[in-house]
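Student: I am new to this structure and would like to learn how to read it. Could you walk me through a few features?

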Amino acid sequence: MHSFATPAGRAALVFAVLACIAYWPGLGGPFLLDDFENLSTVAAWEGGERTTVNALLSNRSGALRRPVAMASFMADAAVAGLNPFQFKLTNLLIHLLCGLVIWRLLSHLLRLDPALGARAATLSALLAGLWLILPAHVSTVLYVVQRMAQLSTLFMLLALWAWLVGRQQAAMGDRGSWLWLLLVSPALTVLAALSKENGVLVPLLALAVEIAYFRPAAGTSRPAAVKAYFAAFLLMPALAALTLLALKPGFFFDGYAGRAFTLTERALSQPRILWDYTGKLLLPFGPRMGLYHDNYPLSTGLLSPPATLLAILAWLLALATAWRLRHAAPSLLAGLLIFFGGHAMESTLLPLEPYFEHRNYLPSVGMLLAVAGLGHWLFGKLHLSERMAPVLKGAGMLAIALLCFATFARSTVWSDMNLLLAQELRYNPDSPRLRSIIAAHFIQAGELQPALEHIEAAEKNLPAREAITAPLWRLLAYCMSNAEPPQTLWEQLRTRSSAPITQYAMVAWEQVAQRVEAGRCPEVEKGPLIDLGREWLSRTTSRPTDHGVWRTRYNLARLLASIGAWDDAISQGTRAWEDSDYNNGVGVFLFQINASAGNIERCREILLILKRSHGAGDLLLDRAIDLFEAAIKSGQEDTAK
């Protein structure tokens, strides 16, 4: 509490209040995009369909299942149900906590900078405050699922702070440094990684601080505890990752088979994207920020576009300058290295989508630190007198006011889905994803013509591998408008039936198939849709085990079952089950159709496999298995259909 009684502390509190005011309008906004997918298991848990442990470990966005983030979502649901306001309010509180930790962390780091040490208290509060009100962070704070990035950032910052405490103790010969370096900081790193996998980058951030601020004197070496930390948590994991890369490169790169871009295109594009992140951070213009960057022009070569090479050279120049000034302005070097370290996972070689603003949430701390270091050095080199102080203070106050206004304005737009989509459309009309979202709104409303117009606009910018996606969207639009699809649409679908079964195409097909199966699409006949599904599955270039392929086959099997074609339904369903590595949902369906066909022995075989998952926490599955087992024992398998 004593810290808040100082001028710097009071300034930090003012920034926190400003952040709350700026973000408040957006707290009433809706869930967005993959919020629904990531919160579906939370809804199932709340409805008594999953156990707590199962829900905690149900997220498949990352290899570690992100249970810390899932626990926070479940806590929100327990307090207020699936109310977006509660979830967004928690995001805002985490944002404020991150700002608090940034303030304290930077105050320690800046004291290590001989040029900025005397101003560390004030400057750290200013930088943390600016970070809190940056418009660039709206798409992280008000996008519920990015809680994962927020929590990971919070624990990464705490882990780095703990490491710094231990590092300073090690410099003084304090044996307590071992506790901070080898226990506290790694424990916080684990929490960060269990929020989102980026948390494993903490040792890389610690290395950035080590290089910039802790240079051993001539003839001396780094303390043993520091060497042990980097050996255990940076060197050994790096060697393990390189070994895995050499032995099983597919573990890292197989995902490119399902992407519209190559490894080379993604890697070459990242330097430009990092400059774009930096520009939006330092020179923000709210309307040009957003969720939809799927149409970002990728680099196909060093000179395609020429900005690719310029971006690479500019980053190399920035790093070379920072290294040259490492004695006079160590915070410049530290900031740039933290920026790159924070982007080391999502902005390098992994087959992730190239561009998302939330990836700059933690790295932006490093960029602000770098700007502070460079700014102070330039101020000294230009010999600006103290008479400039009032001018700089006035400019700073104006900048803070403009940032608050920009964040408030952007937050207001995020409070309403129609406002958000309208603004995104105005500044980014060529985004296929945005057009598809708008088309989906019209499809849900049964408004056929505007839906078709946005689908046509989306199709112009869809990658070639999405050839069948737009026609499937059109079929869904006709289906939900209770309008008969023209014959030309069926011909177009058949012509494109060799296209890959992408996630977008699979979802569109699934929605049409399920509505037709349930009789909610009276103008779309089952026969042509079944024929299309067969042809698509036989001609597609996608692998049978791809998620989109086996799920499409599963929905084809459901359609076949709905017309009583039991043998075909069982054949397609069995293959979908095997290709999905025995997905439980497909297994339940397969039991039911075999029961309908009177294949009792096959039902017993399926039940034995399903029972392997009994008690794993999916309570709906447990009930289905119990029902199936009871039906077989009583000889009344038909009751299990």
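Tutor: Gladly! Keep in mind that this is a predicted model. Let's begin with the cores: the largest nonpolar core holds 110 residues, and Trp163 and Val209 have the most contacts inside it.

Student: Which residues does Val209 touch, leaving out those up to four places away in sequence?

Tutor: With those set aside, Val209 is in contact with Leu109, Leu160, Trp163, Leu164, Phe214 and Ile338.

Student: Now the pockets. What is the volume of the second largest pocket?

Tutor: The second largest pocket has a volume of about 1800 Å³. Its lining consists of 38 residues, and Leu123, Leu126, Leu392, Lys393 and Gly396 are those that lie nearest its centre. Helices H1 (7-23), H6 (120-133), H13 (263-282), H16 (363-381) and H17 (389-413) are the elements that each give two or more residues to this lining.

Student: How many residues of that lining are nonpolar, polar and charged?

Tutor: The lining of the second largest pocket divides into 29 nonpolar, 6 polar and 3 charged residues.

Student: Where is Gln572 placed, and which residues does Gln572 touch?

Tutor: Gln572 sits in helix H26, residues 566-579. Not counting residues up to four places away in sequence, Gln572 touches Arg534, Leu537, Arg553, Leu556, Ala557 and Leu560.

Definitions and conventions:
Residues numbered from 1 in each chain as written. Predicted model: local features only at pLDDT ≥ 70, side-chain atom pairs only at ≥ 80, totals over all residues. Heavy atoms only, no water. 1 Å grid on protein atoms, 1.4 Å probe; cavity = no way out; pocket = protein on both sides within 12 Å on 5 of 7 lines; lining within 4 Å. Points joined across faces, edges and corners; volume = space filled by probe spheres on them. Helix = DSSP H or I, 4+ residues; strand = E, 2+ residues; numbered from the N terminus. Nonpolar A, V, L, I, M, F, W, Y, C, P; charged D, E, K, R; others polar. Core = buried A, V, L, I, M, F, W, Y, C linked by side-chain atoms within 4.5 Å. Buried < 20%, exposed > 50% of the residue type's maximum accessible area, 1.4 Å probe, protein only. Contact = heavy atoms within 4.5 Å.
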